[in-house]
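Thanks for asking me to look this one over.

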Amino acid sequence: MNVYLDNNATTMVDPAVYEAMIPFFSEVYGNPNSLHRFGTQSHPAITQAINQTYKAIGASDNDDIVFTSCATEANNWVLQSVWIDHILHGDKNHIVTTEIEHPSVLSTCKFLEDQGVKVTYLPVNDQGIVEAHTVKAFITDKTALVSIMWANNETGMIFPIAEIGEVCRQKGVLFHTDGVQAVGKIPVNLQEVHVDFMSMSAHKFHGPKGIGALYIRDSQPLSPLLHGGDQMGGRRSGTLNVPYIVGMGKALELATTDMEAKMSAIRAKRDRLEDALLGTLEDVFTVGDRSNRTPNTILISIRGVEGEGMLWDLNTALIGASTGSACASEDLQANSVMLAIGADNELAHTGIRLSLSRFTTDEEVDYVIDRFTHAVKRLRAISSSYAIVQPTEGGAAAACGIHH
Ligand SMILES: Cc1ncc(COP(=O)(O)O)c(C=O)c1O
């Protein structure tokens, strides 16, 4: 059996999305900017995709949604253009973000620091999130932007975006959220939450790779990152990627229709998997309170089992998962998000992320429980260093929001 449990990295394109895209490769292929019928033929489909996207996130008519090549572009765009508009050409000099943002935010912030911008990287609490009062404490009259993700890609932990948005609104500071791991997975309604900019990515919710979008509240100004043919009302130049735009709209519509039911079904499978692993194996820990996690995500640590070794065993069993750590030359790096939450170095080397989707079946969950348990036992049996240490109440694991 092949089991794909790396849906926070990317997802399968829903067959209905793929079907919707096909005509726009070879039948309706004109450039939407052309004045002839080959071009204008695609306009209704683009309008439909825009409408599907507005509806899915609760955007209003005054807001803009601009399609981008990916969420990395959307994140870069907001950070770099706020820098140009409000720091280079304004009187601000400060950006607030967190230690555990996606590299597309963190690396852009590092780039901006090199240009002289002051960046505050807020530490996360033992649940892997930042509270609104912490954000408030770090906003100054020089702060141009707060950029905080809606949900974390490693842990699935959901940040209090409504409260943080309210703090930013009261302080008159622009608020960007990286919504990549939230949109299509949990309810996102921008009528109810104050967000100025939100990045999204279609391949995280069963749409195609290579298409994302930036939501912009109240059509407020933001210098373009890409200059050229003035597509998307001059906000983002480049010939519109019609098949992918159609795919993104369709994928969002599918993900957000009957969302409660879809979320409950995924959550039930995720909880069963998590309970089985925690119940069967000694000395394993999951990160973050699951009532505040995206319903598809488990980040599990297995004392004494190096993440890469575990991935290898899972891969041999045809199960795709992820560690969140990277192999840097000869060095095996710890999971940086787990370290930020307060896990000890050894535990942070053992994190395995299992991320389900609406296509994950009960049979697959059963198979993973069996193979995962088997792999842990095998790897511990050959580990020279592993000795069972019974977790103590209030010990390091409990203290850092890691549950057993
Ligand atoms: C939280 C988060 N932000 C941004 C991205 C980047 O998305 P894209 O692949 O569309 O550039 C990812 C993808 O892994 C992500 O998980």
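**Notes on the model**

1. L254 is partly exposed, with a relative accessible area of 21%. That value falls in the class between under 20%, which is buried, and over 50%, which is exposed. You will find L254 in helix α9. Apart from its neighbours within four places in sequence, L254 is in contact with D14, A16, V17, K262 and R358. If you want a distance to check, the C-alpha atoms of L254 and L339 are separated by 36 Å, and these two residues are 85 residues apart along the chain. Please keep in mind throughout that this is a predicted model.

2. Next, the overall division of the chain. The protein chain falls into domain 1, residues 15–256, and domain 2, residues 259–403. Taken over C-alpha atoms, the centres of domain 1 and domain 2 are 30 Å apart. Across the boundary, 26 residues of domain 1 touch 27 residues of domain 2.

3. How much area do domain 1 and domain 2 bury between them? The figure is about 2200 Å², with 59% of it on carbon and sulfur atoms. Of the area that domain 1 buries against domain 2, E154, T155 and H206 supply 28%, more than any other three residues.

4. A word on the polar side of this interface. Between domain 1 and domain 2 the count of salt bridges is zero, while five residue pairs are in polar contact, both residues being at pLDDT 80 or more. Helix α9, residues 242–256, gives the most to the side of domain 1 that touches domain 2, with three residues. Sorted by class, that side of domain 1 has eleven nonpolar, eleven polar and four charged residues.

5. R353 deserves a look of its own. R353 sits in strand β14, residues 351–355. Is R353 buried or exposed? R353 counts as buried because its relative accessible area is 5%, and the cut-off for that class is under 20%. A polar atom of the R353 side chain lies 2.9 Å from the backbone oxygen of N153. Setting aside neighbours within four places in sequence, the contacts of R353 include N153, E154, T297, I298 and L299. Also among them are L5, D6, N8, A9, A321 and S322.

6. With a relative accessible area of 0%, T177 is buried. Beyond the residues within four places in sequence, T177 is in contact with I148, M149, W150, I161, V195, F197, M198 and S199.

7. Now the charged pairs. A search of the whole structure finds 18 salt bridges. One of them joins R236 and E73, with the closest N and O atoms 2.8 Å apart. This pair links distant parts of the chain, 163 residues apart: R236 is in the loop between β8 (212–216) and α9, and E73 is in helix α5, residues 71–88. Both R236 and E73 are buried.

8. A further salt bridge brings together the side chains of D362 and R272, at 3.2 Å from N to O. Here D362 belongs to helix α14 (residues 362–381) and R272 to helix α10 (residues 259–280), and the two are 90 residues apart. D362 counts as partly exposed at 37% relative accessibility, and R272 is also partly exposed, at 33%.

9. Finally, D344 forms a salt bridge with R303, the closest N and O atoms being 3.1 Å apart. D344 lies in the loop between α12 (336–341) and α13 (345–348), and R303 in the loop between β10 (297–302) and α11 (307–316), 41 residues apart. What are the relative accessible areas of D344 and R303? D344 is partly exposed at 30%, whereas R303 is buried at 15%. There is also a network to look up: salt bridges that share partners join R270, D271, E274, D275, R290 and R293.

How values were computed
Residues numbered from 1 in each chain as written. Predicted model: local features only at pLDDT ≥ 70, side-chain atom pairs only at ≥ 80, totals over all residues. Heavy atoms only, no water. Domains from an automatic or database assignment. Contact = heavy atoms within 4.5 Å. Buried area = accessible area lost by both parts, 1.4 Å probe. Salt bridge = Lys/Arg side-chain N within 4 Å of Asp/Glu carboxyl O. Polar contact = N/O pair within 3.5 Å; in protein donor to acceptor, adjacent residues only side chain to side chain. Helix = DSSP H or I, 4+ residues; strand = E, 2+ residues; numbered from the N terminus. Nonpolar A, V, L, I, M, F, W, Y, C, P; charged D, E, K, R; others polar. Buried < 20%, exposed > 50% of the residue type's maximum accessible area, 1.4 Å probe, protein only.
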